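These are my notebook entries on a structure that I opened today.

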Amino acid sequence: MKAKLLMIILVLGVCVHTSWAQERNITGRVVDESGEGLPGVNVILKGTTTGTTSDIEGNYKLTIPSSGGDASNTLVFSFIGLASTEEIIG
């Protein structure tokens with residue numbers, strides 16, 4: 001009986017915790033000057049290790065926390081041979 005009660009409390013605790021942990025999905029496309037998609041571009045949330053890489057068509061999808069200060073509002077784009085670029089998430 002105690003084991004069941006403990007398991008129920010644990011499951012409810014996880015459910016409550018995940019409902020408070022709000023996240024948002026950021027999607028976009030990285031293109032060159034001619035509008036062609038760039039594959040393999042690193043897209044990282046500034047000040048974190050959260051990131052992804054653009055696919056063969058330059059598309060990316062990144063899940064980030066919905067709040068967390070100025071750094072959580074900036075994406076850093078980097079690609080071998082090109083200068084890194086920072087963009088504020090709008």
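**Entry 1: ground rules.** I note that this is a predicted model, in which local features need pLDDT of at least 70 and side-chain atom pairs count only at pLDDT 80 or more, while totals for chains, interfaces and linings use all residues. Residues are numbered from 1 along each chain as its sequence is written, and side-chain values use heavy atoms, with hydrogens and water left out.

**Entry 2: the overall layout.** I looked up the elements, where helices (H or I, at least four residues) and strands (E, at least two) are DSSP runs numbered from the N terminus. The protein has one helix and six strands, and from the N terminus on they run α-β-β-β-β-β-β. I then looked at burial, with buried meaning under 20% relative accessible area, exposed over 50%, and partly exposed in between (1.4 Å probe, protein chains only). Of the 90 residues in the protein, 21% are buried.

**Entry 3: the largest pocket.** A pocket here is found on a 1 Å grid over the protein atoms alone, as an open set of points where a 1.4 Å probe fits, with protein on both sides within 12 Å along at least five of seven lines; lining residues have an atom within 4 Å of a point. The largest pocket holds about 220 Å³ of space, a volume being the space filled by probe spheres set on the points, which are joined across faces, edges and corners. It is lined by 13 residues, and the closest to its centre are Val30, Val31, Leu38, Leu82 and Thr85. Strand S5 (74-79) and S6 are the elements that give two or more residues to this lining. By class, I find eight nonpolar, two polar and three charged residues in the lining.

**Entry 4: the sheet.** In which order do the four strands of the open sheet stand? I read the order as S3-S2-S5-S6, with antiparallel pairing; two strands pair if DSSP finds at least two bridges between them. Strand S3 (51-53) and strand S6 (82-88) are at the edges and have a single partner strand each, so one side of each is left without a neighbour in the sheet. Neighbouring strands are turned by 20° against each other on average, direction ignored, with axes taken as lines fitted to C-alpha atoms and angles running from 0 to 180 degrees between N-to-C directions.

**Entry 5: strand S2 and its two partners.** Strand S2 (residues 42-45) is joined to S3 by three antiparallel bridges, and to S5 by four, also antiparallel. Towards S3, asparagine 42 is bridged to threonine 53, and valine 43 to threonine 52. Valine 43 also has a bridge partner in S5, namely phenylalanine 77. The hairpin of S2 and S3 has five residues between the strands, and glycine 47 there takes a positive phi near 80°.

In a regular strand the side chains alternate between the two faces of the sheet. In S2, I find Val43 and Leu45 on a covered face and Asn42 and Ile44 on an uncovered one. Isoleucine 44 counts as partly exposed, at 34% relative accessibility, and its C-alpha atom is 6.7 Å from that of phenylalanine 77, 33 residues apart along the chain.

**Entry 6: S5 and S6.** These two strands run antiparallel and are joined by five bridges, with phenylalanine 77 standing opposite threonine 85 in S6. Their hairpin has two residues between the strands, and glycine 81 takes a positive phi near 90° in it. S6 is hardly covered, since the count of buried residues among its seven residues is zero.

**Entry 7: two loop serines.** Is serine 54 buried or exposed? Serine 54, in the loop between S3 and strand S4 (59-65), is buried, with a relative accessible area of 5%. A polar atom of its side chain lies 2.9 Å from the backbone nitrogen of valine 41. Serine 66, in the loop between S4 and S5, is partly exposed, with a relative accessible area of 38%. Its C-alpha atom is separated by 5.8 Å from that of glutamine 22, 44 residues apart along the chain.

Technical notes. Ala, Val, Leu, Ile, Met, Phe, Trp, Tyr, Cys and Pro count as nonpolar, Asp, Glu, Lys and Arg as charged, and the others, Gly among them, as polar. A polar contact is a pair of N or O atoms within 3.5 Å; within protein, one must be able to donate a hydrogen and the other to accept it, and residues adjacent in sequence count only if both atoms are side-chain atoms.
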